[in-house]
Amino acid sequence: MNYRNVLLVVCDLEESKKFYADVLGLTVEVDFGANVTLTGGVCLQTIRSWQQLIGSQSVRLGGNAAELYFEEENFEAFVQKLQQFDLEYVHEMTEQPWGQRAVRFYDPDRHMIEVAEPMQAVAQRFRAAGMSAEQIAARMDVPVAMVEQW
């Protein structure tokens, strides 16, 4: 068995393609009409075609029990970029208990998206602040060897 993609059902395919391109920089790799595959393996499916596929008119969009997770090397610039969009935030930039900074928001169909700084960048930020490898490992709740590798 091979895991391939995540598929999100969307109300307006063109609006969703624009959102994912403008906000996250994803582009269409394959376009099947009612279904597109974006870079990174995110698939978008129209709600009408999804209803036909599953044989149901009842489709519930949104929620907060799952998210698409992305990491961004230039995290501060990305957070600044988000200000140009009219987004519904779950929360603006916050620091997680292990030190990683993240922002969560919804796409046009209320699928939750998280964008965070890579864990290696967190360790490097803590090192630049003068923390030892042992202090960083304790703060991030990871092994010292992992911190040293980063």
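Tutor: Let's start with an open sheet of 4 strands, ordered β1-β4-β3-β2, with mixed pairing. This is a predicted model, where local features need pLDDT of at least 70, side-chain atom pairs count only at pLDDT 80 or more, and totals for chains, interfaces and linings use all residues. Residues are numbered from 1 along each chain as its sequence is written, and side-chain values use heavy atoms, leaving out hydrogens and water.

Student: What makes β1 and β2 the edge strands?

Tutor: β1 (6-10) and β2 (28-31) each pair on one side only. Two strands pair if DSSP finds at least two bridges between them. The strands themselves are DSSP runs (E, at least two residues), as are helices (H or I, at least four), numbered from the N terminus.

Student: How do you know that β2 and β3 pair?

Tutor: β2 and β3 (residues 35-38) share 3 bridges, in the antiparallel sense, and the cut-off is at least two. Within that pair, Val 30 stands opposite Thr 37 in β3.

Student: Which strands does α1 lie across?

Tutor: α1 lies across β1, β2, β3 and β4 (42-46), running at about 160 degrees to β4. Such angles run from 0 to 180 degrees between N-to-C directions, and the axes are lines fitted to C-alpha atoms, for helices over the stretch in contact.

Student: Why are α1 and α3 called oblique to each other?

Tutor: Helix α1 (residues 13-24) and helix α3 (residues 75-82) pack at about 135 degrees, with axes 10 Å apart. Angles under 35 degrees count as roughly parallel, over 145 as roughly antiparallel, 65 to 115 as roughly perpendicular and the rest as oblique. The angle is in "the rest", so the two helices are oblique.

Student: What makes the contact between them?

Tutor: Asp 22, Val 23 and Leu 24 of α1 meet Phe 78, Lys 81 and Leu 82 of α3, contact meaning heavy atoms within 4.5 Å.

Student: Why is the pair Asp 31 and Lys 17 called a salt bridge?

Tutor: A salt bridge needs a side-chain nitrogen of Lys or Arg within 4 Å of a carboxyl oxygen of Asp or Glu. Here the closest N and O atoms are 3.8 Å apart, so the pair passes. Asp 31 lies in strand β2 and Lys 17 in helix α1, so parts 14 residues apart in sequence are tied together.

Student: Is Lys 17 buried or exposed?

Tutor: Buried means under 20% relative accessible area, exposed over 50%, and partly exposed in between (1.4 Å probe, protein chains only). Lys 17 is at 15%, so this residue counts as buried. Asp 31, at 46%, counts as partly exposed.

Student: Where is the other sheet, and what is its strand order?

Tutor: That open sheet also has 4 strands, in the order β5-β8-β7-β6, with mixed pairing. Its edge strands are β5 (67-71) and β6 (89-95).

Student: What ties β6 to α5?

Tutor: Glu 95 and Arg 139 meet in a salt bridge at 2.5 Å, N to O. Glu 95 lies in strand β6 and Arg 139 in helix α5, so the pair ties together parts 44 residues apart in sequence.

Student: Why is Glu 117 called buried?

Tutor: Glu 117 has a relative accessible area of 2%, so this residue is buried. Arg 125 forms a salt bridge with Glu 117, again with the closest N and O atoms 2.5 Å apart. Salt bridges that share partners join Glu 76, Glu 95, Arg 101, Glu 117, Arg 125 and Arg 139 into one network.
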